[in-house]
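Let's take a walk through a protein structure together. Keep the sequence and the 3D view side by side, and find each part as we come to it.

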Amino acid sequence: MQDEVLDNFIKNNFNKVKIKELLQDASKRKYYRIKSNNKSFILLDSRAELKQFYDLLKIYEIIKDINISIPKIFNYDSNACMMILEDFGDNRFDKFINNPEYTSHLLKIAVDCLIVLKNSIKIKKNSYIQTYNIDFFKSELSEFVDWYIPFINKKNIDKKYKDDFYNIWEKKFYEIKLNSDSFVHRDYFCNNLFHLPSRNDHLKCGIIDYQGALLGDSVLDIVSLFEDSRRIINNNNKIELINNYLNKTQQIKQIDDFQLKYDFFGASRQTRILGRWVKLFKLNNKKEYLKYINTTWFWLEKNLNNPFLKEINSLYQDLVPIKKRKYEN
């Protein structure tokens, strides 16, 4: 049964409607599909995630005029933390990405969108978008320490290992050459991308859930696109697509640095997400998240093979021996 605040917001924006709540994954936000006068809209109820609502509005102002496809915001109520959005339909990338017929096409238009974002947005560091830094980095890694390790070992991590863990990662963070000059979505992967076949070229890729965007290194979104922690995406054109991205964003001369950062942030991302799966399982009682642990380890082990990450790889051998890495249902 709908509550009074939601009912009033709907009445203020529509006459006769059909409403259906949409299933959500890890978010506390609620989404509804509204049908009114033969048109379809998305209603976002973000009362359970206030910060995300206001962040979404701020980031929208930065990217709304860029030549990419994001849902238009038709109306919103700052007090109720609700908004009416354009409906991108049901063709989310994850429904098609494992079909070889679609994979290369979908990833290409997703990369083309990143090229447009990289070349179109020039953000000053004093703007109202935050810059990715060591504090964000360590906060993300903490999910591995706080949730995954206790889940695997049935006890909290020893202080020595915890100190070593953060010290090694921080040391490597400052050794790489970060370029914190790009708009970074931070969760640019299949579940946040929609196929919009009626549009042209890269505009066929619709982008949602950008409220966590930061100013950071462009490699972050490339990693999250190609190394999806939920699935192993087979794409023979991966190198070609990445090289095309580097060429068109004037980064091809730094290709070696880019590859090093790719493995570094790939490893840190998968490390964080191992903790995230356990956290979602524990907090929401959803065991299905644990099935992604094996895929996450697949990508993490690949990244850790980079010689630059030798110290981290060695520490992980002690923290989580290979025999403990596979999750058995």
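In this predicted model, the largest cavity is lined by Leu-114, Leu-117, Lys-118, Phe-183, Ser-218, Asp-221 and Tyr-245. The space inside the largest cavity comes to about 50 Å³. Helix 3 (residues 100–120) gives the largest share of this lining, with 3 residues. Sorted by class, the lining of the largest cavity holds 4 nonpolar, 1 polar and 2 charged residues.

How many cavities of 30 Å³ or more are there? The count comes to 2. The second largest cavity has about 30 Å³ of space, and its lining consists of Ile-63, Ile-68, Leu-117, Phe-183, His-185, Tyr-188, Ile-207 and Tyr-210. Here the classes come out as 7 nonpolar residues, 1 polar residue and no charged ones.

About 190 Å³ of space lies in the second largest pocket. Helix 7 (238–248) and helix 8 are the elements that give two or more residues to its lining. Among the lining residues are Lys-238, Ile-239, Tyr-262, Asp-263 and Lys-302. By class, this pocket lining has 6 nonpolar, 2 polar and 3 charged residues.

Helix 8 spans residues 255–284, and Ser-268 lies in it. Is Ser-268 buried or exposed? Its relative accessibility is 6%, and buried means under 20%, so Ser-268 counts as buried. Its side chain reaches the backbone oxygen of Phe-265 at 3.1 Å. If you set aside its neighbours within four places in sequence, Ser-268 is in contact with Phe-137, Leu-141 and Trp-169.

Finally, let's visit some strands. Strand 2 (residues 30–36) pairs with strand 3 in the antiparallel sense, over 7 bridges. These two strands form a hairpin with 2 residues between them, where Asn-37 takes a positive phi near 55°. Strand 3 also pairs with strand 5 (residues 82–86), again in the antiparallel sense, over 5 bridges. Phe-41 is a handy residue to look for: it stands opposite Ile-34, and its bridge partner in strand 5 is Glu-86.

How values were computed:
Residues are numbered from 1 along each chain as its sequence is written. This is a predicted model: local features need pLDDT of at least 70, side-chain atom pairs count only at pLDDT 80 or more; totals for chains, interfaces and linings use all residues. Side-chain values use heavy atoms; hydrogens and water are left out. Two strands pair if DSSP finds at least two bridges between them. Helices (H or I, at least four residues) and strands (E, at least two) are DSSP runs, numbered from the N terminus. Buried means under 20% relative accessible area, exposed over 50%, partly exposed in between (1.4 Å probe, protein chains only). A polar contact is a pair of N or O atoms within 3.5 Å; within protein, one must be able to donate a hydrogen and the other to accept it, and residues adjacent in sequence count only if both atoms are side-chain atoms. Contact means heavy atoms within 4.5 Å. On a 1 Å grid over the protein atoms alone, a cavity is a set of points where a 1.4 Å probe fits but cannot get out, and a pocket is an open set with protein on both sides within 12 Å along at least five of seven lines; lining residues have an atom within 4 Å of a point. Grid points are joined across faces, edges and corners, and a volume is the space filled by probe spheres set on the points. Ala, Val, Leu, Ile, Met, Phe, Trp, Tyr, Cys and Pro count as nonpolar, Asp, Glu, Lys and Arg as charged, and the others, Gly among them, as polar.
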